Amino acid sequence: MIDTFSRHRPLALLAGVVLAQVLLLAFQIRRENNVRLIRYWAVELMTPLERAGTWTFSHVGGVWTGYVGLRNTRADNERLHNEVNTLRLRNRELESQSAEAQRLVTLLNFHDAHPEAPMLAAQVIGASADPTSHTLFINRGERDRVRRNMGVITPDGVVGKIVEVFPSTAQVLLINDKDSGVGALFATSRTHGVVKGGGDPEPRMEYVINEEKLQFGDAIVTSGEDRIFPKDLLIGTVDAAKPGNPFQVISVRPAARLDRLEDVIVLLSQQEFAPKKSEEASATSDPTATQPGAQTAQPPAPPKSSGVVSDPNKFKPAPAPAQAAARASKPPVPQR
Amino acid sequence: MAYMANLGAHSEPNIEVHKFYSGTIIGTALLSLVFQAFLHKYGRWSELIDLPLLVTIYFGVSRRNPVSGLFLGGAIGILQDALSHDNPIGMYGIAKTIVGYLASSVGGRIDTEHPLSRFGLIFLFFHFHQAILAVTQRVLLNHSAPLFTVRLLIDSLVTAAFGVILFALLDRLRRSS
């Protein structure tokens, strides 16, 4: 090594002298932001080393935390997976219970709103195996005083009627079944007709003359003439209407969600629902409201109600959910 | 070669090393710097000739000692930088250090006594010196210094021509062996 240096001494000296002068220059020259070139070089020289050091430390640390420190991760992962599955299941149960509570609150509201009408809450437990038949089964039967041709409703509107009764269950024919027929009339014009099913999801209102002026959303209520449903229960609204021969072809959008029924109410009699006191007061102050066939200039409000149209021009609003929940905590669900 | 003779005092055989009277090298180097600065006052024509470079080359090829050549070149270059008003110290220093080293190395290998070889040597060293300056300025100062222009060509030719005359004059300062 020393021999090599002495052999190339002049060259080494040249390199040393040139390097010394380069450093001398670097001390004098200033780059951007008045930074000396020597400092610039020092930073440029040191930064990659520092970066390499940081990279090395982070990767070594990553190896430690990513491999060595993960010895118990597999067990933890399995435990957490199980915990997540349990919590998911529990969450679904709670959601289901919450939804059921909501439905029961609605039923209770309806019952509280009409204490004079005997009714029975029931759960839907099955549907028809025939895709062309719109029927379903409920968990109430002969033992619960359920009889044929009793009306089945929800707080939203008419569902159908009891067609078969078994000891502990009953079969309900929905209003959109092809064999179904409900006496109906328009809430505003009081024009009569029959709501019949055609096998489609939406039933039709028949026997309405072409001259009858209809609007989208016109409410259709029970007429009570079929001796199954009390008068003025909401069936649905006009979805579409076109002239036909000899009667109009009117599609009805059912007020009750026939495809998502879970809890229903069986009407144990055809007793009409009495209007509430507040409605009675308003009805007496408005003499035209009690007259059948009376029309108003304003179209009816959307049928978001307890399903009973005691006033043709006014739908009864549903109670607030908070009030309903407070009431739900007091009495039991009617006859369940 | 007639001028090549083994003086016995040098480590390499068959290489003639010229010696000068004491103070000659330092005095000549200082004089070249003074003249360069003095002539610069009287017009830009003096920029055609780089006297310190000629002195560096001359004493490099005459002494034929790379170590003394690089130190002499470095000292002349740093002094030249110091006398200039805007050059950072080291610009000419680096260039002349390398030129001094190479001139000393080349001096022992080729004929440096003939006027034509001197002309060619000065011409080449001038451009080499300019190249080092340009690279240094580009790398360190971020200046776009030219590597070759017609003006530099003219400068190199004038300097080489003047150098042949100057070298002949400086030969008279050699100590007779």
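**The interface of chain A and chain B**

A: Between chain A and chain B about 1,500 Å² of area is buried, and carbon and sulfur atoms give 75% of that area. Buried area here is the accessible area (1.4 Å probe) that two parts lose on being put together, summed over both. The size of an interface is often given in this way, as the accessible area lost when the parts come together. Of the area that chain A buries against chain B, 35% is supplied by A:Leu14, A:Gln21 and A:Leu25, more than by any other three residues.

This is a predicted model, in which local features need pLDDT of at least 70 and side-chain atom pairs count only at pLDDT 80 or more, while totals for chains, interfaces and linings use all residues; side-chain values use heavy atoms, with hydrogens and water left out. Residues are numbered from 1 along each chain as its sequence is written, and chains are lettered from A and ligands numbered from 1 in the order in which they are written.

The contact (heavy atoms within 4.5 Å) takes 16 residues from chain A and 20 residues from chain B. As for polar interactions, four residue pairs are in polar contact between chain A and chain B, both residues being at pLDDT 80 or more. A polar contact is a pair of N or O atoms within 3.5 Å; within protein, one must be able to donate a hydrogen and the other to accept it, and residues adjacent in sequence count only if both atoms are side-chain atoms. Zero salt bridges are found across this interface, a salt bridge being a side-chain nitrogen of Lys or Arg within 4 Å of a carboxyl oxygen of Asp or Glu.

On the side of chain A that touches chain B, helix H2 (9–28) and helix H3 (37–66) of chain A each supply at least two residues. H2(A) gives the largest share of that side, 11 residues. Helices (H or I, at least four residues) and strands (E, at least two) are DSSP runs, numbered from the N terminus. By type, the residues of this side of chain A divide into 12 nonpolar, two polar and two charged. Ala, Val, Leu, Ile, Met, Phe, Trp, Tyr, Cys and Pro count as nonpolar, Asp, Glu, Lys and Arg as charged, and the others, Gly among them, as polar.

The chains themselves may now be described. Chain A has six helices and 12 strands, and buried residues make up 35% of its 336 residues. Chain B has six helices and two strands, in the order β-α-α-α-α-α-α-β from the N terminus, and 46% of its 177 residues are buried. Buried means under 20% relative accessible area, exposed over 50%, and partly exposed in between (1.4 Å probe, protein chains only).

The largest nonpolar core has 43 residues, and A:Ile138, A:Val159, A:Ile162, A:Met205, A:Ile220 and A:Val266 have the most contacts inside it. A second, separate core of 25 residues includes B:Phe20, B:Ala29, B:Phe126 and B:Leu166. Such a core is a set of buried Ala, Val, Leu, Ile, Met, Phe, Trp, Tyr and Cys residues joined through side-chain atoms within 4.5 Å.

Some backbone details remain. The peptide bond from A:Asn245 to A:Pro246 is cis, with omega near 5°; A:Pro246 lies in the loop between strand S10 (234–242) and strand S11 (249–254) of chain A.
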